[in-house]
Amino acid sequence: MKKAIKIALTTMVILCMMLGAMHWFKSHQEEKRLIRQEQERMAEYTIENFEDIKKIEFTSFEQNFSTRSWTTHITINDNIYVKYRVDDIGKNRDIGIAYYIEESGGKRIERKKDKKKSNGNVEVKYWKG
């Protein structure tokens with residue numbers, strides 16, 4: 001009888017662990033999808049709002065657990081560094097520019113006067129995580 005109870009408890013523990021792992025994996029995949037969606041939105045925002053964008057590279061995408069906001073670091077044209085912030089991924093809320101640094105001697109990008117799409121020749125490298 002004791003052996004049957006041990007086998008039943010062990011089986012239940014293993015099943016609970018498997019269900020927990022499946023839930024974690026599913027939520028992790030959803031988070032990765034939302035991060036990629038936000039990166040695409042930030043790239044589009046950058047292309048629509050600034051002139052002379054030739055290359056966009058995402059170097060990080062992290063969540064601040066105390067504020068629950070997400071930040072990403074982007075390198076534009078290999079010499080301009082921007083940090084964007086969004087409050088919640090997947091909600092299409094406003095994108096905030098946390099800071100903007102250009103390397104010494106680098107050409108400063110200017111804001112577009114009218115929001116026209118770029119000609120589409122922008123190289124975008126997404127952060128994989």
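Which residue's side chain does a polar contact join to the side chain of K55? The partner is D78, at 3.1 Å. That pair is a handy way into this model, which is predicted.

## The overall picture

Let's start with the whole chain. The protein has one helix and five strands, and along the sequence they follow the pattern α-β-β-β-β-β. Of its 129 residues, 29% count as buried. The accessible surface is about 9,300 Å², and carbon and sulfur atoms account for 55% of that area.

Among contacts with a separation of 6 or more, 51% are between residues 24 or more positions apart.

## The helix and what it packs against

Helix α1 has 48 residues. From its first C-alpha to its last it reaches 70 Å, close to the 70 Å expected at 1.5 Å a residue. Its buried residues are L34, I35, E38, Q39, R41, M42, A43, T46, I47 and N49. An α-helix has 3.6 residues a turn, so residues three or four places apart point the same way.

What do the buried residues of α1 pack against? Their partners are four strands: β1 (55-63), β2 (70-76), β3 (80-86) and β5 (123-125).

With a relative accessibility of 0%, T46 counts as buried, because the cut-off for buried is under 20%.

Setting aside residues up to four places away in sequence, T46 touches I53, I56, I76 and Y84. With Y84 there is also a polar contact, side chain to side chain, at 2.7 Å.

Strands β2 and β3 run antiparallel and are joined by seven bridges. Their hairpin has three residues between the strands, and N77 there takes a positive phi near 55 degrees.

On the other pairing, β1 and β2 are also antiparallel, over seven bridges. One of the bridge pairs is Q63 with W70, the latter in β2. This hairpin has six residues between its strands, and R68 in the turn has a positive phi of about 65 degrees.

How enclosed is β2 by the rest of the structure? Six of its seven residues are buried, so β2 is largely enclosed. While looking at the strands, keep in mind that in a regular strand the side chains alternate between the two faces of the sheet.

## Back to K55

K55 lies in strand β1. Is K55 buried or exposed? At 16% relative accessibility, K55 counts as buried, because the value falls under the 20% cut-off.

Leaving out neighbours within four places in sequence, K55 is in contact with T75, I76, N77, D78, V122, E123 and K125. Two of these names have come up already: I76 is also touched by T46, and N77 is the residue with a positive phi in the hairpin of β2 and β3. D78 is the partner from the opening question, its side chain making the 3.1 Å polar contact with that of K55.

A43 is among the buried residues of α1, and K55 and A43 are twelve residues apart in sequence, with 9.8 Å between their C-alpha atoms.

Notes:
Residues are numbered from 1 along each chain as its sequence is written. This is a predicted model: local features need pLDDT of at least 70, side-chain atom pairs count only at pLDDT 80 or more; totals for chains, interfaces and linings use all residues. Side-chain values use heavy atoms; hydrogens and water are left out. Buried means under 20% relative accessible area, exposed over 50%, partly exposed in between (1.4 Å probe, protein chains only). A polar contact is a pair of N or O atoms within 3.5 Å; within protein, one must be able to donate a hydrogen and the other to accept it, and residues adjacent in sequence count only if both atoms are side-chain atoms. Contact means heavy atoms within 4.5 Å. Helices (H or I, at least four residues) and strands (E, at least two) are DSSP runs, numbered from the N terminus. The expected span of a helix is 1.5 Å times one less than its number of residues. Two strands pair if DSSP finds at least two bridges between them. Accessible areas come from the Shrake-Rupley method with a 1.4 Å probe; for residues, only the protein chains shown count as cover.
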